Amino acid sequence: MSMPDPGPPSARRLTIGEALREAIAEEMRRDASVFLIGEDIGIAGGFGGAFGVYLGLPEEFGHDRIVDTPISEKVIAGAAVGAAALGMRPIADMQYSDFLFECMDELVNQAAKLRYMSGGKVSVPLVMRAPVGATNRGAQHGQSPESYFVHVPGLKVVCVSDAYNAKGLLKSAVRDDNPVLFFEHKLLYGSKGREQAGGLDLTAEVPEEAYLVPIGRAVVKRPGQDVTVVATHLALYRTLAAAEELGPLLGASTSSFRITLLMEEGPVREAVRRLHRALVTEGEETRSPAD
Amino acid sequence: MAVVAAQLETGTLVDLYRSMLLIRRFEETVYYLFLEGEIPGTLHQYQGQEAVAVGICDVLRPTDWITSTHRPHGHALAKGVTPRAAMAELYGKATGCCAGKGGSMHLGDPAVGMLPAIAIVGGGNTVVTGIGLAFQLRRSDQVAVCFFGDGASNEGAFHEGMNFAAVRKLPVVFVCENNLYGASTPFHRVSALVDVADRAAAYGIPGHVVDGMDVLAVREAGAAAVAAARAGEGPTLLECKTYRFVGHSRSDARGYRDSDEEAAWKERDPIPQLRAVLAERAAVGQDEVTVIEREVEAVIDDAVEFARASPDADPNEALTDVYA
């Protein structure tokens, strides 16, 4: 299988988790207004976030800029909104994206609306990171709610599928003057992926120097002439595997769409216009077998 | 009231009187214009509660911030949004403080330290902690005040915001305006505790009941709470007992309230109370009060004329400012 960006053998390869950590550290070094807020992110001897992304950061940045909160998702999001409105650039952490429903008011009514309600006088440059994806954790720790938020004007929604784009996109999200929901997949953080993810090699070449990947552009992972497949997260890898298997029968143009604005002008729409066939694959919930 | 008044300069007392009167006349005028069909949308008005916004905002600096609610006209005027900019916003005009995109429930302006008012009950109670956190992280001595109603005290956001502010010792003051009703529902029907202020004990912070019809009492309590917040001592919960003289919103006939209760609270109208203090303690006589009243009326007339003469918000701007 042709899996994530194969760099030269000598190139440095990072996992998504490592790439995210590097992006956070670079942005915190660059801009004193960037800070972290969430549950279990900076406690000494703790987890460094539910998936370890923050490990090592308190040693460099201290605890002032790593704000450990009570288990209070409304206050995580609300404090991020208030601080962002005052010009800070919070990177907020939701341990599981399922918990975003605890702070829908702060995200949908406050973060997304303040700029409009103020006639453009207030900006809310916050990032909310949240892991998605069904694993073996049950019904309340396995949802993929990113599409809910695509319905909200004022929010940007980013889905990352590989380490190179994870780093460049998170840095762009931090610098974006809008609230950005940044969705990562639980099975894609590590170097091998979980067994459930097919034991993929999920490392990618990630330059040590700073770079940005702009929000809102799809990446063509496999060119083809038959159908445009738009995929995110783990579904991207499943789709690439399927395309490999069907190769002789079907060419596929597979994109990892990093901002889920399908109707926006851009590569996805151009590809659909050209091929007239589109398929969206993502790790969404289904309602019933008949769905 | 008398003891506190004796310690204040006459100029301060006059300023407090003028600010409360400005809000009262603004609200009376707006109500009339709404009934005339000039002002669109809906209104949640502040008549009766003026002492709270004025007493608290008088001890704030221009660089301090406030959050407000669906009933924000008084907070906006007290914090420094001009009557012109507030009135034009109610009219949906391009010259409004939110360019006509906020309307009555979202008055505010970052230039005067007021976030656009948050019309979701309890919404400000978490957002204010972020404002306080920004001040704390920047090692600034600015303070953030959260105005909210008795209704918000039953929202989860009240708990999360106050607990977080308390544990981080954020420079925040929580000002509950308990006007006895959440829309039509009496507070005693929805809280087994009589005083919201008692809930402060659950967060390990000071909580005080304040006479919200006495602007000097509010000012004194506010000054102490703001000073503590500024000094890094953390948040205070002030519960100002007050009463709205009008309905919850413009269509409310107030059938759930008893006229004796309304009359008793109107006896305690904060504006005549301060007028009496001005006369007794500061030797500000009726002539001077009449001058202030005329000046305030001229300011309101000017605001209405400004709003009427201003251009409507441009329909071409309807979909701008969604993203930065």
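Guide: Let's begin with β6(A) and its partner, strand β7 of chain A, which covers residues 180–185: four bridges join the two, and they run parallel. To find the pair by eye, look for Lys156(A), which stands opposite Val180(A) in β7(A). Please keep in mind that this is a predicted model.

Now widen the view. In chain A, β6 and β7 belong to an open sheet of six strands with parallel pairing, and the order across the sheet is β3-β2-β4-β5-β7-β6. The edges are formed by β3 (66–68) and β6 (156–159) of chain A, each of which pairs on one side only. From one strand to the next, the twist averages 20°.

Helix α3 of chain A, residues 73–85, lies across β2 (34–38), β4 (89–93) and β5 (127–132) of chain A, and runs at about 170° to β4(A).

Step back once more to see the whole chain. Chain A is divided into domain 1, residues 13–205, and domain 2, residues 219–281. Between the C-alpha centres of these two domains of chain A there are 26 Å.

Finally, turn to the neighbouring chain. The contact between the chains takes 35 residues from chain A and 33 residues from chain B. On the side of chain B that touches chain A, the elements giving two or more residues are α6 (123–137) and α7 (156–168) of chain B. The largest share of that side, 10 residues, comes from α6(B). By type, the residues on this side of chain B are 19 nonpolar, 10 polar and four charged.

Note on methods
Residues are numbered from 1 along each chain as its sequence is written. Chains are lettered from A and ligands numbered from 1 in the order in which they are written. This is a predicted model: local features need pLDDT of at least 70, side-chain atom pairs count only at pLDDT 80 or more; totals for chains, interfaces and linings use all residues. Two residues are in contact if their C-beta atoms, placed from the backbone, lie within 7 Å. Ala, Val, Leu, Ile, Met, Phe, Trp, Tyr, Cys and Pro count as nonpolar, Asp, Glu, Lys and Arg as charged, and the others, Gly among them, as polar. Domain bounds come from an automatic or database domain assignment. Two strands pair if DSSP finds at least two bridges between them. Axes are lines fitted to C-alpha atoms, for helices over the stretch in contact, and angles run from 0 to 180 degrees between N-to-C directions.
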